[in-house]
Amino acid sequence: MIEAVARRGLQPAGIWLLAVLLLVAAGLCLAVGPVSLAPATLLQGLVGRVSALDPIEQSVLYSIRLPRVAAGILVGAVLGVCGAAMQGLFRNPLADPGLIGVTAGAAFGCVVYLKGAAFAFAGISGVLGTFALPAFALLGGLATTALMYRIASVEGRTVVAVMLLAGIALNSLLGAGTGLVLFFSDDDQLRQFTFWTLGSLGHATWPMLGAALVFILPAFLVLPCFARFLDALLLGEAEALHLGIPLQQMKRILILVTAAAVGAAASLAGGIGFLGLVVPHLVRQVFGPGHRWLLPGSALLGAGLLLGADFFARTVAAPAELPVGVITAAIGAPVFFSLLLSGRRSVFF
Amino acid sequence: MAATAAIQLRDVRFERRRTTILHPIDAILPAGRLTALLGPNGAGKSTLLKLCAGELQPSSGHIDCFGRALADWNSGDLARRRAVLPQQSGLRFPFRVEEVVSLGRSPHPGRGRSREDSRHIAAVLSRVGLAGFEHRLYTSLSGGEQQRVHLARALVQIAGGKPAQCLLLLDEPTNNLDLAHQHSILKLARGLRDEGVSVLAVLHDLNLALTYADDALLLHQGRLQASGPITEVLCPYWIQRCFGLPVRQIHLAGSARPHLIFEPVAPATDQPPSTSPVALANR
């Protein structure tokens, strides 16, 4: 597969195909729901002809569906592209931001904020209030990553095995902390927490999206420039060093940028599992492991898959709405198992 | 003299967690020679090679590469003149052979994608005997073929430069290879040396080293025991001291260099060689 696609140089065509799929998924998510929008109405709404829509359609499109689709695209793309970058950094296709503790750290930050909001942070309101939850998630994620990097750096070099094992330990420690806070919470807080832990795109508002974008944009701008470096890193750290690459500097930037983006994505949509792990995997099966195509491919497929999963979550049990994180995990885990068992096992170890 | 040395080690010592791995070493690798780095397991060969590659920093002492301290080199400039073949590669991703080799052009302006880069890549692939393998997946190759892919990657990294200013460090290049390929790799190294490239190779097979190398550094328990022309270093006295193996040197008719025969019974070779090791080390 990889050989055939790479030899004919079909990757650009593949990127276009993924982009079209993403557009179709976005269109479906915008048009279908309790209030359905005809394609013509939707198009007019999107190009800014507000008068063509009645007031209900306006509020559905601009206040509910557009921010939701924007959040889906942002979060899906971040999880896909950062998953690919982290797997490259660790030279192991099992690595993803969830694994090294960013997601758990963000979850802990969120829970601490929500619990503390009742008394300590009661004064935070207005614009500051909108930013407070994502900011706490992001702080949690960054702090975890920084600590992790500290632990895993021995004599100025990152030891990959130590970093992965430290990720496991940190994940369970933060999980315990989150569990403890949950234990002392009332019913109302519990429901908020659960929704956040399961993952959902329904919470996103325009101000939240704006706040998250500030931290996500650097990943989209910086990571494509790292494609060649990530390729070389797959050879090994020493080999990358021999190729004249400023290894430590590049690793530091990479970790910082991905931690910020994943933390911000988690604050938007909560914990959405398996996307960061499975998406780069699927893209690699077709495009090959070169990051030049893997990074954009993972961003597009991640966004498309998350929108598709969200569409499914909204429509399958309508009017009830399933948490999208449940859908991605339910699809992702079996796909992952099948990859594990498909004779490509040697890739993992 | 110093300007022509590919590598000059001055009082280089290396310790890790207070254990001395290499005792102070002074040695010169003259440019344009094929030098074998020899010694039993755990003697510090790979550590010394990693120090020369700049992968490890010496605990004390200085390492010069082509007359300039290793730390003073711009990393890109150094990468265009010095390539390293590691003992083992951890590459587990299904890159195509051509892609792996093109990574070797990373330090060059074309970044592996220019027409000149493609020309160099095709040339080194046929040089290591992998012509026609361009589109094969790296992960589908045998261990020996993978080793040759990495050799090609190392060669392409210094391709296009002045050979006399290039250095190739090979860490056990004959690992995983059958007899014919062991010889073909060393023949290739010899060919590069004839073009003027300086080569330092960690080798285990002393007879292979005797056949192809000009000079040798012999390490034992972290100390440099002898250095100089390989026929002088690999004498029964030093081999017995470092490897603990009795050995006989035989000269075959038609062969310019001696061969070593290892025997369970010790021949009478307790006489130290006429040239003293100190004199050799300071050549």
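Predicted model: local features only at pLDDT ≥ 70, side-chain atom pairs only at ≥ 80, totals over all residues.
Residues are numbered from 1 along each chain as its sequence is written, chains are lettered from A and ligands numbered from 1 in the order in which they are written, and side-chain values use heavy atoms, with hydrogens and water left out.

Helices (H or I, at least four residues) and strands (E, at least two) are DSSP runs, numbered from the N terminus. Axes are lines fitted to C-alpha atoms, for helices over the stretch in contact, and angles run from 0 to 180 degrees between N-to-C directions. In chain A, helix 2 (residues 11-31) and helix 14 (residues 291-315) have axes that come within 9 Å and cross at roughly 25°. Helix 2 of chain A is therefore roughly parallel to helix 14 of chain A; angles under 35 degrees count as roughly parallel, over 145 as roughly antiparallel, 65 to 115 as roughly perpendicular and the rest as oblique. The crossing of these helices is left-handed, meaning that the near helix is turned anticlockwise from the far one by less than a right angle, whereas clockwise is right-handed. Contact means heavy atoms within 4.5 Å. Among the residues of helix 2 of chain A that meet helix 14 of chain A are A:Ile15, A:Leu18 and A:Leu22, and the helix 14 side includes A:Trp293, A:Leu300 and A:Phe311. The residues of this contact divide into 16 nonpolar, three polar and one charged. Here Ala, Val, Leu, Ile, Met, Phe, Trp, Tyr, Cys and Pro count as nonpolar, Asp, Glu, Lys and Arg as charged, and the others, Gly among them, as polar.

Helix 2 of chain A also packs against helix 4 of chain A, at an angle of about 150° and with the axes 9 Å apart. Helix 2 of chain A is therefore roughly antiparallel to helix 4 of chain A. From helix 2 of chain A the contact takes A:Leu22, A:Ala26, A:Cys29, A:Leu30 and A:Ala31, and from helix 4 of chain A it takes A:Leu61, A:Arg65, A:Leu66, A:Val69 and A:Ile73. These residues divide into nine nonpolar, no polar and one charged.

Helix 4 (residues 55-89) of chain A has another partner in helix 3 (residues 39-46) of chain A, where the axes come within 11 Å and cross at roughly 70°. Helix 3 of chain A is therefore roughly perpendicular to helix 4 of chain A. A:Thr41, A:Leu42, A:Gly45 and A:Leu46 of helix 3 meet A:Glu57, A:Leu61, A:Tyr62 and A:Leu66 of helix 4.

The contact between the chains takes 32 residues from chain B and 27 residues from chain A. Together the chains bury about 2600 Å², 61% of it on carbon and sulfur atoms; buried area is the accessible area (1.4 Å probe) that two parts lose on being put together, summed over both. In chain B, B:Arg92, B:Phe93 and B:Leu103 lose the most area to chain A, together 25% of what that side buries.

A salt bridge is a side-chain nitrogen of Lys or Arg within 4 Å of a carboxyl oxygen of Asp or Glu. The interface has zero salt bridges, while the count over all chains is 14. One joins the side chains of B:Arg127 and B:Glu195 (2.9 Å, N to O). B:Arg127 lies in helix 4 (residues 115-127) of chain B and B:Glu195 in helix 6 (residues 179-195) of chain B, 68 residues apart.
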